[in-house]
Amino acid sequence: PRRRSVPSILRELAEKRQLSEEIVSLLQAQFSDLPRELHSWRQMADYSPEMRQFACLLHLYHIKAYDYLRKILPLPHPYSLTNWLSNNETAAGFSNDVFLRLQEKVERGDQACRCCAVLVQDVSLQKQQEWNPQTKQLMGFVDLGAGILDADEAPLASEAIVLMAVGISSPWTAPLGYFLVNSTSGHFLAQLLRQAINKLNNVGIVVLAVTSGASAHGVETARALGIRIDPRRIRCTFQHPPGSAHSIAYFFDVPHALLLIRNALQCFHKVEWLGDTVWWQHVVELAALGEQKVLEPCRAGSKGSYHLEVNLATLLFSEGVAEVLEHLQKLGLPSFQSCSGTVKFVRLMSSLCDVFYGRGPYGKEPLLAGNYTKISNFFDEARSCFVNLTDSVGRYIIKSKRKLGFLSLLLNAESLKWLSSNHTCLKGTPSHHLHTHAFSLDPLEQFLRALQQTCGSSGSPTCAVFQAAYHKLLASCSLAPRSPPSSGNASPWDVSLSQRRALTLGSIRAQYHPAPGRTLASEYPYSAGLLLPSSALSNALTDLSLYAQSLTCTAGWVAEQLALDLQCEPCLASLFEVDESRLRCRSALYIKKLGGVSLPSASVHHITSISEQVLNQYGKVGGANNNTKLWHLCLEQKVIQELLGESPLFPTLTKHLFEGELGINNHYTVLVKEITRCYLNVRTHPTQHLNLKYPCGRHKLKRLKGKHLFPSPLGSCQSSLTHTWS
C-alpha cells in the first residue's frame with residue numbers, strides 16, 4: 001500500500017469534508033517546509049515554531065481534524081496550545097502581561113477577581129499588506145498568536161477577534177487579547193473561547209458566563225459549545241472542560257437582541273398578543289411627532305395651548321415611551337388611540353431591560369436572594385408573551401425568521417435564573433450579588449470605541465494601525481474596579497446605554513423622515529432678544545423684566561443646541577423644564593412655552609445666569625482678547641468657581657451620576673461645562689449666532705427704540721461640542 005504523508009492525510013480530510021479546501025491550501029502553502037513523512041514527525045525531539053503554528057491553526061479551525069491527526073502525529077493536547085497562542089508583547093494572541101497581573105491579584109487574595117464573564121466581539125479591518133521595519137516582517141496577514149501566516153498564497157486579515165474578561169462581583173475589566181483572521185465561524189470562536197477559559201482557570205479565575213453578539217456567528221458559537229436555543233427545551237449552559245461538572249452560562253448581548261426585536265416589529269407592522277395588539281405605527285407616529293401643539297380649556301371657557309416636544313434620545317423599550325403613549329392617548333390625539341397593547345408590550349420590554357441591567361422596581365441588584373422568586377415569575381410572564389406572539393395571519397413569531405431577538409432574551413433569562421441559583425463562586429466575596437451589566441457587550445464595546453478613537457479614523461483600521469492603537473491603549477489599561485481604559489477624548493456619554501442610537505426614537509424618525517443635514521434649533525419669532533454685546537449701555541438701559549426674559553430665552557436656545565447632539569436620555573431631560581401637573585413622562589416628553597421657545601430647566605438657567613455675571617465682571621465683551629482660547633478657559637474656570645459651594649444642580653441626575661464613571665468627567669460635570677461653554681460662545685461670537693429681526697406676533701415684548709437682536713437658527717456651537725460628542 002501507498003505510504004501515507006501529511007499532505008495526503010490533509011487531502012483525505014478535505015475529501016471527507018472534515019476540513020475545508022481553503023484551510024488545506026493555507027496549511028500546504030504556509031508549512032511547505034515541514035516534514036512530509038510521518039516518521040519524521042515522530043523523531044522530532046521538540047516542536048519547531050512552524051509545527052506550533054500548524055497545530056494551533058488546525059486546532060482552532062477544525063477540532064475534529066486535529067483530534068484525528070493526534071492519533072497519527074505527536075501533536076500536543078489542545079490545552080497545551082494555550083501557551084503557544086500567547087505573547088509577552090501586544091502582538092496578536094493572548095496577552096501574557098494581563099494574565100500575569102490577574103494572577104497576582106488572585107494570589108494577593110483579591111476576592112473580586114475570583115470569577116468573571118468572558119466577552120467576545122469582532123472588529124472589521126482594512127485589508128492591507130505593510131512592511132514593519134522594526135520586526136522586519138510583512139504585516140496584514142492572519143495571526144493567531146503563534147506567528148504571522150505570511151505565505152504568498154495566504155489571505156490578508158479582514159477581522160480582529162477581541163476577548164475581554166469582566167468582573168461579576170466587582171466591575172473590573174481586562175482585555176485578554178486579539179486574533180487577526182480572514183474569516184471566522186462559530187466553531188472557531190468556540191475553540192478560542194475554550195482556550196481563553198482554560199488560560200483564566202490556570203491563573204485561578206473561574207469563568208461563570210460567556211457573552212457574544214446576537215448574530216449568525218453568535219448562534220453558531222453557542223451551538224458549537226453545546227447551547228440549545230429552542231423555546232421548548234432551552235439549554236443555557238455548557239461544560240468546560242467538556243464532560244466535566246463545571247458549567248458556564250451563555251448570554252447574547254441584550255442591546256443586539258433588542259435591535260432584532262425592533263426589526264421584527266417593524267417588519268410585521270402588527271403583532272397579536274393574547275387579545276392585545278401591538279402596532280408599529282404607534283412608534284412611528286410618536287417618533288415623528290416633533291413639536292405638537294395641544295389645546296387645553298382655560299377657566300374662562302376659552303382654549304389655551306402649549307407645545308409638546310418628544311425627546312428623541314429616549315430608548316424605544318423604556319417606561320418613558322409607555323407613559324408618553326398613554327398621555328397622548330388621554331389627550332385624544334387620533335394617531336394614538338387604541339395603543340393599549342403597544343403600551344403593554346413596551347412596558348414589558350422595559351422591565352426586562354431593567355432586570356438585565358440591574359435597575360428598576362426589582363432593586364439595584366436584581367439577583368439578590370429576596371428578588372429571585374419575583375424575577376422568576378416575571379421571566380415566566382415574558383416567556384408566555386414571546387411564545388404566543390403572532391403576526392397578522394396567526395403565524396407564531398417565535399417560529400419565524402424574525403425569532404432570534406426573542407430567543408436571545410429567553411436564553412438570557414434562563415441563564416440569569418441558573419446563575420442566581422448555582423453561582424457558589426461568590427461566597428465569601430465582599431458583595432454576594434451578580435453585576436448583570438457584565439453579561440452584556442457594553443464593557444467590551446466601550447474598550448473598542450476607545451480603540452477606534454486611538455486609531456484616529458472613523459473607518460476600518462489596517463492591521464498595523466490596529467496593533468499600534470491596541471498597544472497604546474493596553475499600556476494605560478487598569479484592572480482596578482470602575483477604571484476602564486480611556487483614550488483622552490472619550491466622553492462619558494459614550495459609555496451610556498442611551499448611546500445605542502439604533503434603539504432610540506431619533507433613529508426611527510430618521511428612517512421615515514430622513515433629513516438632508518443637521519436640524520438646527522427653530523427660529524423664535526415671539527421671544528425676547530439676546531443681550532446686546534456691542535452696546536455698553538444696553539444692559540443698563542434694558543428693564544429687568546426684558547433682561548430676565550432675554551436671559552431665559554438664551555438659556556433655552558443653549559439647551560436646544562446641546563440637545564441636538566446629546567444621546568443620554570436623563571441628561572437631555574434635565575436641560576428642560578417639565579410641567580409635572582400635565583404629564584408624568586418627564587424624560588421622554590417636555591413642554592415648549594414662550595411662543596415655541598423651550599423653557600430651560602432651573603439648573604440650565606442658573607448656569608447661564610452665573611456665566612453672564614462672570615462675563616460682565618471679568619471679561620470685556622468685544623475686546624481684543626476675547627477670541628483667545630486662554631481667555632475662554634479663564635471665563636469657564638471663573639464660572640465653575642462661582643458654582644462651587646452652591647446648591648446642587650440637576651436634582652434629577654443624583655442617581656444617574658453614580659451610574660457612570662466616578663471621575664471628574666462624569667455626565668454631571670460635562671453638562672455644566674458644556675452649558676457654560678456654549679453660552680459663552682454665543683455671547684462672545686454674536687455674529688455667528690444672531691441676526692437683526694423685529695419681534696412679531698401677539699407675544700411682542702417691550703423693547704428699546706431702534707433695532708433689537710433676536711435669536712437666529714444659525715450655528716450650533718460646534719467648536720465647543722466637537723470634543724465631547726464627536
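Thr462 is found in the loop that links helix 15 (442–455) to helix 16 (463–475). Helices here are DSSP runs of H or I of at least four residues, numbered from the N terminus. The model is predicted: local features need pLDDT of at least 70, side-chain atom pairs count only at pLDDT 80 or more, and totals for chains, interfaces and linings use all residues. Residues are numbered from 1 along each chain as its sequence is written, and side-chain values use heavy atoms, with hydrogens and water left out.

Thr462 is buried, at 8% relative accessible area. Buried means under 20%, exposed over 50%, and partly exposed in between (1.4 Å probe, protein chains only). Contacts of Thr462 (heavy atoms within 4.5 Å) are made with Leu125, Gln126, Gln128 and Glu130, not counting residues up to four places away in sequence. The side chains of Thr462 and Glu130 also form a polar contact of 3.2 Å. Such a contact is a pair of N or O atoms within 3.5 Å; within protein, one must be able to donate a hydrogen and the other to accept it, and residues adjacent in sequence count only if both atoms are side-chain atoms.

Glu104 belongs to helix 6 (residues 96–107). Glu104 is partly exposed, with a relative accessible area of 36%.

The largest nonpolar core holds 169 residues. A nonpolar core is a set of buried Ala, Val, Leu, Ile, Met, Phe, Trp, Tyr and Cys residues joined through side-chain atoms within 4.5 Å. Leu144, Leu163, Leu200, Phe345, Phe386 and Leu409 touch the most other members. Helix 12 (residues 340–356) gives the most to this core, with 9 residues.

How values were computed
Helices (H or I, at least four residues) and strands (E, at least two) are DSSP runs, numbered from the N terminus.
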